[in-house]
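This report describes one protein chain for a reader who has the model at hand. It treats annotated positions, domains, nonpolar cores and aromatic contacts in turn.

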Amino acid sequence: MLDPNPWFWFALIATVGLYKLELLTSLLNLSRLGTQPPEALRDDLDEDAWEKLREYIGAQSRADILQRSLQLGLFLVFWWAGGFPWVNQYAQTLHPHPILQGLAFIGILWLATSLVSLPFDAWDTFGIEARFGFNKTTVRTFITDRLKGTLLAFIFGAPLLAFILWLFDNVENAAFYGWLTLSSFTLLMSFIAPRLLMPLFFKFEPLKDASLQQAVIDLAKRLKFPVAEVSVVDGSRRSSKANAFFTGMGKTRRIALFDTLVDSHPREEILAVLAHEIGHWQRGHVPKQLALSILTNAILFALLHFAIHSETLSAAFGIAPATTAVNFVLFFIVVTPITELIGVFGSWISRKNEFEADAYARDAMQDSAPLASALHRLNRDHMNHPTPHPLHIILHHSHPPVLERLAALRGNS
Ligand SMILES: [Zn+2]
């Protein structure tokens with residue numbers, strides 16, 4: 001018999017529909033890799049390099065499709081075999097307090113989800129990335145990274161979540177105060193993360209190359225970017241991929257260059273990449289991104305207001321009576337199409353910002369050549385898909401494809 005509960009059908013269509021969309025996107029994206037590299041990249045990629053790039057992207061796509069298929073299958077089996085009420089009942093035996101029961105329910109599901117993706121993360125790092133020469137992570141670093149991440153999620157996430165659950169059980173207009181709490185937390189984290197959390201994963205050292213240091217400081221000064229220090233980050237301990245650097249916020253700004261960037265790029269390219277990052281700052285992209293995430297939270301909390309005490313939502317997953325924590329988790333499963341849509345909008349803004357930062361860097365360097373050659377080198381070294389399918393760009397790309405960036409650099413100069 002058909003389940004008349006609308007949440008049931010909504011969740012089913014959302015998860016299966018999204019899976020099919022991702023599958024289609026992957027296949028379309030793969031079909032855009034021809035037998036020859038695009039004309040504009042013939043100098044960067046010879047026949048062997050192109051063959052390797054195609055294999056790399058193929059291996060990534062296959063692993064991605066396998067992971068999504070397995071995750072969807074496990075989710076449906078778990079759902080229809082009564083997994084949600086089973087975990088809920090078990091959580092209730094752990095402690096008499098409803099907030100702690102709620103935390104246990106969420107914690108168990110979160111842990112289970114992480115355990116399912118763990119072998120895929122390991123395969124990505126030690127299987128695919130290693131095979132193509134990118135991986136520098138040791139098993140030890142891989143494990144400690146995950147332990148640190150779990151511990152941090154617990155230290156910061158558990159009290160935050162407990163407070164939000166408590167609000168929904170005890171306070172009127174809880175959605176508003178929940179949004180306020182999460183927004184304050186987001187702002188706080190953006191200030192403390194670069195100083196407090198990143199050093200837990202990366203080692204910062206002063207830049208040894210004195211003349212590069214001087215060139216970086218001169219450029220920052222010329223572009224009116226207040227900088228307290230210039231550091232090098234040991235990105236090479238995990239991956240050979242050269243990454244741009246990040247900066248802290250507030251008065252103690254730190255420019256941090258990945259060692260892989262410093263080691264594999266000529267001076268002019270490093271400065272052009274730096275100018276690009278300063279462009280993000282000068283054009284106000286960081287506060288704009290923060291505002292966007294606070295707005296996103298507002299939308300989600302407004303919807304949560306209507307779902308958090310719904311008996312039908314819980315019932316669709318076999319749980320009665322409804323509890324706040326249960327509905328909180330189920331809400332985020334049901335709402336995936338909306339979060340995806342917001343993500344698509346966020347990526348679109350991000351790609352626009354990249355074009356702006358590129359244009360800023362070109363003007364700052366008074367020449368498009370250094371950034372263009374950095375983009376050529378990064379694209380070649382990272383083996384990025386040079387001509388991704390538009391659907392793949394819309395769904396997944398925070399950065400525009402390299403050919404579009406190069407065209408934009410040439411176009412307006
Ligand atoms: Zn950027």
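UniProt positions are given in the numbering used here, feature names are shortened, and annotations may be inferred rather than shown by experiment. The model is predicted, so local features need pLDDT of at least 70 and side-chain atom pairs count only at pLDDT 80 or more, while totals for chains, interfaces and linings use all residues. Residues are numbered from 1 along each chain as its sequence is written, and side-chain values use heavy atoms, with hydrogens and water left out.

**Annotated positions**

According to UniProt, in an unreviewed entry, the feature "active site" is placed at Glu-277 and Asp-358. These positions are spread over 82 residues of sequence, yet they cluster in space, with a largest C-alpha distance of 8.8 Å. Helices (H or I, at least four residues) are DSSP runs, numbered from the N terminus. Glu-277 is placed in helix α9, whereas Asp-358 belongs to helix α13 (residues 336-365).

Accessibility is classed by relative accessible area: buried means under 20%, exposed over 50%, and partly exposed in between, with a 1.4 Å probe and protein chains only. Glu-277 is partly exposed at 21%, and Asp-358 is buried at 2%. Contact means heavy atoms within 4.5 Å. Leaving out residues up to four places away in sequence, Asp-358 touches His-276, Leu-371, Leu-375, Arg-405 and Leu-409.

Tyr-360 is also found in helix α13 and counts as buried, at 11% relative accessibility. With neighbours within four places in sequence set aside, the contacts of Tyr-360 are Leu-223, Ala-275, Ile-278, Gly-279, Gln-282 and Arg-283. Tyr-360 and His-280 are 80 residues apart along the chain, and their C-alpha atoms are separated by 8.5 Å.

**Domains and nonpolar cores**

Domain bounds come from an automatic or database domain assignment. For this chain, the assignment gives domain 1 (6-200 + 284-410) and domain 2 (204-264). The C-alpha centres of domain 1 and domain 2 lie 27 Å apart, and the contact takes 23 residues from domain 1 and 20 residues from domain 2.

A nonpolar core is a set of buried Ala, Val, Leu, Ile, Met, Phe, Trp, Tyr and Cys residues joined through side-chain atoms within 4.5 Å. The largest such core has 52 residues, of which Val-216, Ile-255 and Leu-257 touch the most other members. Helix α9 (residues 267-282) supplies the largest share of this core, seven residues. Domain 1 and domain 2 both give residues to the core, so it lies between them. Another core, of 45 residues, lies apart from it and includes Val-87, Leu-103, Leu-109 and Leu-304.

**Aromatic contacts**

Rings of Phe, Tyr and Trp (its six-membered ring) pair if their centres lie within 6.5 Å; planes under 30 degrees apart count as stacked, over 60 as edge-to-face and the rest as tilted. By this rule the count comes to 23 aromatic pairs. Two of the pairs are listed below.

| Pair | Centre to centre | Angle between planes | Class |
|---|---|---|---|
| Phe-8 and Trp-80 | 6.5 Å | 25° | stacked |
| Trp-79 and Trp-80 | 5.7 Å | 40° | tilted |

Which parts of the chain does the pair of Phe-8 and Trp-80 tie together? Phe-8 lies in helix α1 (residues 6-31) and Trp-80 in helix α2 (residues 47-80), so the pair joins parts that are 72 residues apart in sequence. Phe-8 is buried, with a relative accessible area of 12%, whereas Trp-80 is partly exposed at 49%. Trp-79 counts as buried, at 4% relative accessibility. Ring pairs link Phe-8, Trp-9, Phe-75, Phe-78, Trp-79, Trp-80, Phe-84 and Phe-317 into a cluster.

A charge sits over a ring if NZ of Lys or CZ of Arg is within 6 Å of the ring centre and within 35 degrees of the ring normal. Arg-146 lies over the face of Phe-142, 3.9 Å from the ring centre. Arg-238 is placed over the face of Phe-202, at 4.8 Å from the ring centre.

**An exposed loop position**

Asp-43 lies in the loop between α1 and α2 and counts as exposed, at 80% relative accessibility. Asp-43 and Met-189 are 146 residues apart in sequence and, C-alpha to C-alpha, 43 Å apart in space.

Key: Helix = DSSP H or I, 4+ residues; strand = E, 2+ residues; numbered from the N terminus.
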